[in-house]
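Subject: Structure handover

Hello,

The structure we talked about is below. My notes on it follow.

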Amino acid sequence: MAEFALTTKNLNLYYGRFQALKDVQFSVAEKKITSIIGPSGCGKSTLLRVFNRMNDLVEGVKITGEVNFENRNIYAPDTDLLKLRKKIGMVFQRPNPFPISIFENIVFGLKIHHLYRESKEFLYKFAEESLKSVLLWEDLKDKLNHLATNLSLEQQQKLCIARLLVVKPEVLLMDEPCSALDPISTAKIEELMQELKKNYTIVIVTHNMQQAGRVSDETGYMLLGELIEFGATQTLFTAPRDKRTEDYITGRLG
Amino acid sequence: MKFPPPLAQKIAFFVLFVMTLFVVLPVLFVMFLIVKNGIGAISWEFLTAMPKQGMRAGGILPAIVGTFYLVAGAILFALPLGLFAAIYLSEYSQDTWLNRAIRLAIINIAGVPSVVFGLFGFALFVSFFKFGASILSGSLTLGIMILPVIITSSREAIDAVPGAFREVSLSLGATKLQTIRHAVLPHALPGILTGTILGIGRAAGETAPILFTVAAFYLPRLPQSIFDQAMALPYHLYVLSTQVPNVDVKIRYGTAFVLLVIVLLMNLIAITIRSHFRSKKKW
């Protein structure tokens with residue numbers, strides 16, 4: 001049996017009176033890519049933000065149920081939020097490097113986790129490893145002092161992933177990471193995801209069904225806050241059990 | 001009376017242009033007048049010597065130095081206070097009646113006439129705290145006066161930093177304080193600096209707040225400590241123009257010219273910093 005990185009149990013989430021997640025129950029397998037698909041507003045991004053508790057920043061959010069990570073409920077009152085977010089990192093929809101140098105972006109995580117050392121060799125080596133891990137080193141090795149916001153969007157998104165890997169997460173949450181990119185860049189990011197899968201558990205939210213089909217091992221389909229169906233990607237796309245899933249993947253909805 | 005549209009267009013354009021001209025002309029005229037009459041007075045001696053013969057000759061060095069001290073003191077006091085207040089108001093404060101009252105108070109402080117600040121500074125710093133008429137009292141008074149400028153511009157700069165920066169930082173496991181320190185303030189810095197420098201420009205040119213708190217009528221020596229009185233350019237100008245008979249027009253205009261140049265220089269620096277950073281930032 002596969003190991004699970006994240007497990008939700010009777011998860012409900014409310015924005016004020018509006019219920020955005022309804023009794024969501026599923027598990028994310030370790031070192032696999034799990035994708036969540038569904039039409040806009042179905043709650044898939046909200047679900048993603050449950051895992052690193054970014055929803056906490058929204059006013060009036062109420063969550064019931066459990067989300068287990070490393071055998072602990074992350075919504076237990078004694079959760080160390082900073083540690084949790086360090087272990088469960090997030091890649092955002094729009095590439096969002098800071099408007100500072102490429103190098104400074106990479107070492108941002110070091111600074112906030114007090115791992116920054118003033119040694120030039122250490123920092124250079126560090127930048128090299130980080131950029132290699134996202135397949136950017138060859139392109140950027142002579143441009144470390146250039147402004148990160150001048151890179152192409154694909155490079156920016158990869159840099160954001162590098163910035164995230166620096167803090168040594170275990171789970172990567174990706175919130176439509178390719179929606180701002182063209183098809184070729186998208187393919188490159190997907191290639192990178194397959195590379196990252198060896199060491200990280202990945203959960204990706206996407207409105208792009210083909211992408212879910214290409215990259216993920218398991219897929220969940222969400223509609224109006226409910227997880228309608230969850231299972232192996234192949235099965236879900238070829239032989240969906242639920243009529244609503246079938247409607248969506250055959251293009252009759254959304 | 002009805003005009004055909006193209007003519008109405010032209011008339012409207014002309015009227016708006018003339019109105020704009022009316023706004024700019026007096027400023028240009030004042031500057032022209034001061035430059036034309038003042039530039040002749042500028043000499044090495046004028047800038048670096050003490051005033052002589054009851055201010056009718058010599059230089060204005062103590063006034064320049066005094067203004068410099070006052071402005072530096074005001075910034076030293078107002079920048080940290082204003083910046084911290086701005087951080088609190090933008091990043092921490094909830095929408096409660098107390099915070100709304102604080103925000104309203106800040107807006108109101110900006111509208112208080114400067115002579116009221118002068119009297120307030122006199123009552124609080126000179127009399128109550130017994131700092132006497134001194135650079136300290138004057139700096140604190142000017143500092144309070146420019147607080148709203150610094151708070152408002154710092155808040156605008158902080159609020160203009162995209163929420164995505166905070167989100168990324170928090171999602172990487174940073175604390176709120178680290179997020180402010182590393183992901184917000186560096187990107188708000190140009191705006192904060194601009195506000196500060198505009199504040200400096202304002203503080204350098206004000207007469208009323210220093211009138212009762214620091215300004216010396218005639219003190220032909222440099223201040224020795226923050227408890228000394230000092231001369232300052234705006235007050236010196238007022239004295240030369242109204243209190244001392246038979247002052248050469250050249251000296252008056254020269255003093256005004258120096259003050260004008262200092263204030264314009266400050267604004268120029270502010271604009272340069274802003275445009276420099278603006279060309280760099282992309283969001």
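A:Thr79 is buried, at a relative accessible area of 17%; the cut-off for that label is under 20%. This residue belongs to the loop that runs between strand S6 (72–73) and helix H2 (81–87) of chain A. Beyond its neighbours within four places in sequence, A:Thr79 is in contact with A:Arg53, A:Arg72, A:Asn73, A:Ile74 and A:Leu84. Please keep in mind throughout that this is a predicted model.

Strand S8 of chain A

Strand S8 covers residues 171–175 of chain A, and five of its five residues are buried, so the strand is largely enclosed by the rest of the structure. A:Val171, A:Leu173 and A:Asp175 point one way from S8(A), while A:Leu172 and A:Met174 point the other way. Both groups are buried, A:Asp175 included.

S8(A) is paired with two strands. Strand S7 (residues 88–91) of chain A runs parallel to S8(A) and is joined to it by four bridges; here A:Val91 has A:Met174 as its bridge partner. Strand S9 (residues 201–205) of chain A is also parallel to S8(A), with five bridges between them, and A:Thr201 in S9(A) stands opposite A:Val171. Together with helix H7 (residues 183–196) of chain A, S8(A) and S9(A) make a β-α-β unit, which is right-handed.

A:Leu6 and its contacts

A:Leu6 lies in strand S1 (residues 4–15) of chain A. Its relative accessible area is 1%, so A:Leu6 counts as buried. Leaving out residues up to four places away in sequence, A:Leu6 touches A:Phe26, A:Ser27, A:Val28, A:Phe51, A:Asn68, A:Phe69, A:Ile88, A:Val171 and A:Val203. Among these, A:Val171 is one of the S8(A) residues described above. A:Phe26 is 20 residues from A:Leu6 in sequence, and their C-alpha atoms are 8.4 Å apart.

Two backbone points

A:Asp23 has a positive phi of about 50°. That residue is in strand S2 (residues 18–24) of chain A and is partly exposed, with 48% relative accessibility. In chain B, B:Asn246 has a positive phi of about 60°. B:Asn246 sits in the loop between helix H10 (233–242) and helix H11 (249–280) and is exposed, with 69% relative accessibility.

Chain B as a whole

Chain B has 11 helices and two strands, and along the sequence these follow the order α-α-β-β-α-α-α-α-α-α-α-α-α. Its C-alpha atoms fill a box of roughly 70 × 65 × 35 Å along the principal axes. Of the 283 residues in chain B, 42% are buried. Among the chain B contacts with a separation of 6 or more, 74% are between residues 24 or more positions apart. The accessible surface of the chain comes to about 15,000 Å², and carbon and sulfur atoms account for 73% of that.

One part of the chain B surface deserves a separate note. B:Met1, B:Phe3, B:Leu7, B:Ile11, B:Phe14, B:Val15 and B:Met19 make a nonpolar surface patch of about 760 Å². B:Met19 belongs to helix H1 (residues 5–38) of chain B and counts as exposed at 51% relative accessibility, the cut-off being over 50%.

Regards

Notes
Residues are numbered from 1 along each chain as its sequence is written. Chains are lettered from A and ligands numbered from 1 in the order in which they are written. This is a predicted model: local features need pLDDT of at least 70, side-chain atom pairs count only at pLDDT 80 or more; totals for chains, interfaces and linings use all residues. Side-chain values use heavy atoms; hydrogens and water are left out. Buried means under 20% relative accessible area, exposed over 50%, partly exposed in between (1.4 Å probe, protein chains only). Contact means heavy atoms within 4.5 Å. Two strands pair if DSSP finds at least two bridges between them. A crossover is right-handed if, with the strands pointing away from the viewer, the path from the first strand over the helix to the second runs clockwise. Patches are made of residues with over 30% relative accessible area and no salt bridge: like charges are joined within 9 Å, nonpolar side chains (Val, Leu, Ile, Met, Phe, Trp, Tyr) within 5 Å. Accessible areas come from the Shrake-Rupley method with a 1.4 Å probe; for residues, only the protein chains shown count as cover. A salt bridge is a side-chain nitrogen of Lys or Arg within 4 Å of a carboxyl oxygen of Asp or Glu.
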